Amino acid sequence: MMTVAQRLEALRATFAAAGIDGFLVPRSDEHLGEYVPAAAERLAWLTGFTGSAGLAIALADRAAIFIDGRYTLQVRHETDPALWEPLHITDEPPAEWLVKVTPTGTRIGYDPLLISEDAVERMARGAANVTFVPLETNLIDSIWTDRPAEPLGRVTIYPERFAGRSAGDKRADIATALREAKEDAAVLTDPASIDWLLNIRGADVPFAPLALGFLIIHADASADLFMAPEKIDDTVRTYLGNAVTIAPRRALGTALDDLKGKRVRVDSAGSPAWFAQRLRRAGAEVISGADPVALPKASKNEVEQAGIRAAHQRDAIALCRFLHWLFLRGPTGEETEISAAEALVSFRAELPEFLEESFPAISGAGEHGAIMHYRVTPESNRKIGADEVYLIDSGAQYLDGTTDVTRTIWTGPGVAPASLRDRATRVMQGHIAIAALRFPEGVAGSHLDALARQALWSVGLDYDHGTGHGVGAYLSVHEGPVSLSRAARPIPLKPGMILSDEPGYYLPGAYGIRLENLLLVHKAPEAVEGVKPFLCFETLSLAPFDRALLEPDLMTVAERNWLDAYHARVLAEVGPHLAADARTWLTAACAPL
C-alpha cells in the first residue's frame, strides 16, 4: 500500500503525459454532493483529509489543501504539512495562491465531472496566468489501484403517504416551468432532486437515502433516467411508468448529444462542468439556470411537514432519554465520546421508522468540541470527564423525516466557570434571535445570519461557520438552495422550508459550544393590514438546553420568556413518553430560569 507521500509523487508522475503542470482534486463526486461513495473519496485517498468539503492543488514542487473554517483544526491533524500546505479557502482562495506560486503559462488539469463550471470560471478569472485544462480521465483513478467499486444500492419507492404528491404531478410542474422559460429540457445532476422528483430513494451513500444517477427532464414532462439498471427492479420500473425511460450511465453522453439545437437548462453552480461542455460541443444552447427542482423540494408540502414534525417528536424522546443518561453517566468519568455516541444511536434505534444516522455524530468532549466537525476515532476517543464541556451534534433518518440537533452540556457536578457561562449565554441569545424572529417575505437567509452573532460580536467574538443550512425530507441533512449564512445566495425564504439554527463559539484547545434546533418557515399570524406579509419560524427540535451553562442575568426578559416557553413545551410534549426517573430529570431540566 502506498503512503500519502508516494501517492502524491505518483500523481505528479502523470503530469507530463497529460500535458499539465498541476492537478485539481476537489472533495466531490460526479454529483458534487457532500456525502459521496467510497469510490469518490479521492481527496481523502491522496491527502489523508477526511472532511466533507475541501480542494487540493498539486504542482510539481509544492501542494496545498484549501478548507473552510469548520476544518482548520482537523486538516492539521490529518495531513502532513511537509506535503500539503493547509490554507483557509476564504482568506487565501485557490486562485490567489496559484497567482502567487505559478508562472504565466501554467496549465492546471481538472476532471470536468468533479467541479462546476462556475467554480472553474471563478478560478480562471482570479488566476489569469493559468490555463485550466479539462481532462478526459481522472489522474487519481489511474494510480488508485485498489479503488472501491461504484455503489449499486437498491432503489425503492417513496410512498405518497410521506411524499404528499405523485411523481407525475411533480414532473408536470417542472415541465410547466420549463415551457414558461422557453426551455426544451433540463439536466438534473443532484440525486436528491432526482429522487424527490421521482418519489424514489436509494442506498448508494452513507447517511442519506440517495440513489445516484442523472436525469434529463423534458418540457413535455417525460424524463430520461441514467442509472445502473441492476439497481432498479420491475416494481420500481412499473411505478416510474412509460414516461420515464431508464438507461445505463454510459448512455448519458449520447443522450446529451441528441439535444443538438435544443435549449437546455444546466445549473452552472451545482452541476459538473462536463455537462455544459458536452452540450455545447453537440450544438445545444446551454441555458445557465438553477436546478428547477431545488426550490419546490425545499418548500415542503403539508404532508411532508406533518411527517417531519412526527419524526422530530419521536426523535425528541430519544434525545431526552440520552440527555438523562448523560446526566447520570457524564460525571462518572466512565463514558467516552464513542460510548456516548453509541448510546444515542441505541436510543434512536428503539423508535419506529428509524433507519440510520443522518451524519456521523460529532461527539466532542473538552478540547475536541472546539473542532467544529470533529469525528471521533478509536485513536482520538477520550473519556468524558466531570466538570467539563461536552458537545453532541447528531441526527437521524426516519422514513418520514430527517433530524439534526446539537446540545452542549456541562457535565458537572461542579459549577461551570463564569467565563464559560458568558460565552454559552451569548450563543443561546443568538439562537433565540433567529428562532423568535418575524421577518418580511422576500428576506433571504444571508440577511438573517448577522442577527445570530450580535451578542458575540458585541464583545469581539464570532464563529467561523454559517448559522444554518437547509434540511431535506428524508433526504440529505444538508439541503440547498437556502441557508443562514453570509456566503449564501440571496434566495428568499419561503413557507415550508426547513433550516437549522446553530450559532456557536469555539475556544481552541479548551471547548466548543453549539446550540442547534431545526426550524420550519411559516406565514406569520396577525399580519398588519396594508403591510407586506411576514414570515416566522416554528421550532421542530425538542430537547432541553443545559441551564447550567446559562447566565440568566445576561438575558433580556424576552429571551428568558422564550426559553421558559420552549422548555415548557418540551416537558409537555416529551415528558409523558419517558420513564418516571427520566421524567423527573426532565422536569428539573425544563424548570423556568
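In which sense do strand 15 and strand 18 pair, and over how many bridges? Strand 15 and strand 18 (residues 396-398) pair in the antiparallel sense, over three bridges. The legends below describe close-up views of a predicted model.

**View A. An open sheet of three strands, with the order 15-18-19.** The pairing in this sheet is antiparallel. Its edge strands, strand 15 (354-357) and strand 19 (401-402), each pair on one side only. Within the pairing of strand 15 with strand 18, Glu356 has Gln397 of strand 18 as its bridge partner. Helix 15 (residues 302-329) packs on the sheet and touches strand 18 and strand 19. The direction of helix 15 makes about 130° with that of strand 18.

**View B. Thr79 in the loop between helix 4 (72-78) and strand 4 (85-88).** Thr79 has a relative accessible area of 8% and therefore counts as buried, the limit being under 20%. Its side chain reaches the backbone oxygen of Val75 at 2.6 Å. When residues up to four places away in sequence are not counted, Thr79 touches Thr47 and Phe49.

**View C. Asp546, a buried residue that has no salt bridge.** Asp546 is located in the loop that runs between strand 28 (534-539) and helix 20 (557-574). The nearest side chain of opposite charge is that of Arg547, 7.2 Å away. A polar atom of the Asp546 side chain lies 3.0 Å from the backbone nitrogen of Ala548. Apart from neighbours within four places in sequence, Asp546 is in contact with Thr408, Ile409 and Trp410.

**View D. The salt bridge between Asp257 and Arg278.** The N to O distance between these side chains is 2.8 Å. The pair links distant parts of the chain, with Asp257 in helix 12 (residues 252-257) and Arg278 in helix 13 (residues 273-282), 21 residues apart. Asp257 is partly exposed at a relative accessible area of 29%, and Arg278 is partly exposed at 23%.

**View E. The salt bridge between Glu573 and Arg569 in helix 20.** The two side chains meet at 3.0 Å, N to O. Four residues, about one turn of the helix, separate Glu573 and Arg569. Glu573 is partly exposed, at 31% relative accessibility, and Arg569 is partly exposed at 26%.

**View F. The salt bridge between Arg165 and Asp173.** The closest N and O atoms of this pair are 2.7 Å apart. Arg165 counts as partly exposed at 29% relative accessibility, as does Asp173 at 41%. The structure holds 35 salt bridges.

Notes: Residues numbered from 1 in each chain as written. Predicted model: local features only at pLDDT ≥ 70, side-chain atom pairs only at ≥ 80, totals over all residues. Heavy atoms only, no water. Helix = DSSP H or I, 4+ residues; strand = E, 2+ residues; numbered from the N terminus. Buried < 20%, exposed > 50% of the residue type's maximum accessible area, 1.4 Å probe, protein only. Polar contact = N/O pair within 3.5 Å; in protein donor to acceptor, adjacent residues only side chain to side chain. Contact = heavy atoms within 4.5 Å. Pairing = 2+ DSSP bridges. Axes fitted to C-alpha atoms, helices over the stretch in contact; angles between N-to-C directions. Lys, Arg positive; Asp, Glu negative; His and termini not counted. Salt bridge = Lys/Arg side-chain N within 4 Å of Asp/Glu carboxyl O.
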